[in-house]
Every structure is written in C-alpha cells, then in structure tokens.
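Hello,

Here is the structure for you to look over. My notes on its cavities follow below.

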Amino acid sequence: MLADAQSLQSQAPPGLGLGPGDRFPDLELPAVEDGTARRVSEWHGRPLMLHLFASW
Amino acid sequence: VPGWHDATSQLRESGELDTLGVVIEQHPDRARLFMQWKQFEWPLLWDPFNLLELPAVPITMILDGEGVIRLLQPKLDRAGDVMEFVRNGFEPIETPNVVPSPVPDRSVLVPPSVDDPDVWSDHAVALALWGGPDRMDDAVAASTRGTAGDSDGRSWFRRGVILRMRHDSKHRQGSDFAEATDSWTRALDADPANYVWRRRLQQYGPRLAKPYAFYDWIPLARDEISDRGESPVPLAAEPEGAEFSEPSSGEDRVATESPAPPDPRIVEDTTWIETTVNVVPSRVRPADAVRVHVDLRPGDGTEIHWNNETGPGGFWVEPPAGWAVDPEFQEIEVPPEATSDERRHIEFEVRVPASASTGPHRFEAQTLYAVCDDETGVCMIRRRSIPITVLIDGTVVGLGD
C-alpha cells in the first residue's frame, strides 16, 4: 500500500516560505562547475530531488 | 545529502529521478570538493545570497515534473517508501501555488533608474553573480546604495557576501572582510532566526559560538581523493583558523608560557608591512567572545619581502585587565624559502568580561618580523604595534544564541 505523503515528511524549518503544492521558484543561478547561468525549470519534465545545502 | 544520494541511486540510474543541488555558502569550490569526495555527479548551482531566504539548511524536497513541490524534508528512514511514492507518479495539481521567483536574475544587470535601495540591492547581486570579477567594485558600490536608509537584514547580508567576494578576488581592498563582518552582524541583528546568515558569521567567529567545526572534513577529503588517483578540486580561498576550529566551552584553554614581548627599543615599522584587522562579530555583548583576524603582508608597490632566514616570527596580544585572550602568544610560521611575500594570517580570541562597559575598547597586539628591502638590499628585524578595537554593545544578538 502506498504511504501517504504527509507521513513521509519531517518538519520543515519554521519560517520556510515554501511547502508541498507550491511551484518551486524558477531561480536563475550560476552552475558551480563553470559559472553557466542555469534555471531550475531546465529540470522540469521528470521528478527532481532538490537539495539546498552547504558543505559545512 | 549523502544518505539520499545512496538511497536514490537506482532511480537516478533508471532515469526516473533527477538530482540537483543548490549550495548556499560563500565559497562554491568547497562544495565542489565535497561533491568530488562523495562522488556525487549531479549538477550543483550556487546561491551565496540565500535568495530564497531559507531560515536554515539542509532542506531536501522532491518536485514533480512540473516543478511543484510534492515532498518537503522527506524522511531518510522511510527512503524505500519515498522511492515508491516517486515511482507511482503524481496526481496532477491543476493550480499549484505560485511563489514569485526571487529576483535578481540577469535581467537586472542594467543599472536601475530609480533610487530604491531594494532595487539597487538586486542590481548588486546580479553584478556579483553575473558581472564577472571585473564588476566587483560596481557590485560593492551598488550594495552601498542597496543598504542606504533603514535597510533590512537581507540587504545587509547581501552586502556582506559581495564584500567577502571582493576580499577573495584580485580587487580586494583592505577593509573588505571587516566591512563584510559588520554587514553580516547587522543582518543577524535584524533577523536572529536566520541560521544561514548566522552560520556565515560563525564561520569566522569565536569557538565559543561555533556549533561545529565547519571545514574540518577538507584534509580527509583531499587525502581520500588523492588515494583514488584524482586531483582534489583546488580552492580559491583556503579555509583558515576559525573555519577549521572546533567549538569550545571556554573551559579548555591551555595556559602556556609566552616569551617576553618585543623590546620597545626595536624600531617600529609603520609603512613596510600592511596590516588589516577584522573582529568577528563586529559588535559583541559583555561576557561573549570575538575572534580577531589579523593579516600582515608586504605593501603593494613596495620592494619589501619577508626574510625567513631568521626563523618564525612572533605575535603577542596585550588585553586590558580582566579580559581573556587565547592565545596570548603565537609563533608565526614562515615558509622554507629564504624570502617570500605571502599574506600572513593570525587569529586569536578575546572573551569580554561581564562587567565591560558599552562602547569601544582598545588594546594592542605586537608582532615581530624580519623583512628585506630589495631597493636598498637591507634586511632588518622590525616590531609592529597593531591596535585592536572591540565594540561592546549590550543590545546585539549573541552569535552562539
């Protein structure tokens, strides 16, 4: 049986202005590899796991 | 992130799921090194400005093929169920909530025609991200206009990022790092709950306020990458002192014998070696601590270089009575070459007494070094007094709160 989405999620940090059902903003940012301008919408078309993180 | 990398490998390989990273830190090449170490091969974008105004990281989410968030902070201990959830596809959402794209993008590279600080702050970010290294001065100037008047924390945080970017560039100016620190201190004052902003200060701040050692993984990463026969990604700005240091409770200070400070009869250098001082954070409450960063380097346009044949230099701190300094003395290591002209970086921490009064408190550090003047061929030992100012402000946010 398929688990419901709610049970698969941990609590998001308070103050995060994004949640399930929101279209993720189409940020334009440089690629770390070469500085090329990329938009998050370039990954539309199939499911995407998005990590917002730091290496520290 | 590494846990999810492993858990999603099958779906990535089968083409059922893509992975994308957005790194929210000042130096993107450190994240590249981390990715190389962990053998993550998915793309990585760089957002040093935290344009989404995330209150903390890491944040992981799964978007559907239309870019709509379907899972936020999925549970790693339910990874199998999460993968099944993705495999089963998503019911379409006809009208997803639209969250405006955070400006700026490249469209705001054109100088604004209005005198609105928010618009100038966006322009400053666009210049820093898209203008290339030769627009750093323009980005700093735009960020000055972006923080005019009663600015919010976001504009101050952005200005700090831009100043630190210039500090790490060939366009560096002596006060950039200190001004970045002050900008980040103002940002955190405006929103103490933003842990992305707080971490940027803690990265350079005192051990008392550190949650963990930020970049202590780098030596191990380099060793393991080299053992695989690869060359580790080079770093534009090597982490220093505070960025490696472990947190401290303040009880682990080791008292050491310090040699006597330089004899005052040694001639003081006031021109050959340039000094810059940065106190992190720029304002501190009584009973809290600051970390002081001092850079010494031969002045631009001079014929001065370090003379290393005399052995290590020394650095002494003479705090006011009742103030604790760690360490009070440190040797300054020198390279094996007979002469050099590198920047020498010293860090120490100062704990302010609980009874300290509000306002600036000044004391001195002393350093002793050997330099040569190529123009005259003369080499000599010189001492240098370096004024340190710690600004006490009982209303400021504590970095370790």
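The lining of the largest cavity divides into three nonpolar, six polar and two charged residues. Here Ala, Val, Leu, Ile, Met, Phe, Trp, Tyr, Cys and Pro count as nonpolar, Asp, Glu, Lys and Arg as charged, and the others, Gly among them, as polar.

This is a predicted model, where local features need pLDDT of at least 70, side-chain atom pairs count only at pLDDT 80 or more, and totals for chains, interfaces and linings use all residues. Residues are numbered from 1 along each chain as its sequence is written, chains are lettered from A and ligands numbered from 1 in the order written, and side-chain values use heavy atoms, without hydrogens and water.

The whole structure holds two cavities of 30 Å³ or more. A cavity is a set of points on a 1 Å grid over the protein atoms alone where a 1.4 Å probe fits but cannot get out; lining residues have an atom within 4 Å of a point. Points are joined across faces, edges and corners, and a volume is the space filled by probe spheres set on them.

The largest cavity has about 60 Å³ of space. Its lining includes His167(B), His293(B), Asp295(B) and His345(B). Helix H8 (176-190), strand E6 (273-280) and strand E7 (289-298) of chain B each give two or more residues. E6(B) gives the most, three. Helices (H or I, at least four residues) and strands (E, at least two) are DSSP runs, numbered from the N terminus.

The second largest cavity is about 50 Å³. Among its lining residues are Thr185(B), Asp189(B) and Arg283(B). H8(B) gives the largest share, three residues. By class, this lining has six nonpolar, two polar and two charged residues.

Best wishes

Key
On a 1 Å grid over the protein atoms alone, a cavity is a set of points where a 1.4 Å probe fits but cannot get out, and a pocket is an open set with protein on both sides within 12 Å along at least five of seven lines; lining residues have an atom within 4 Å of a point.
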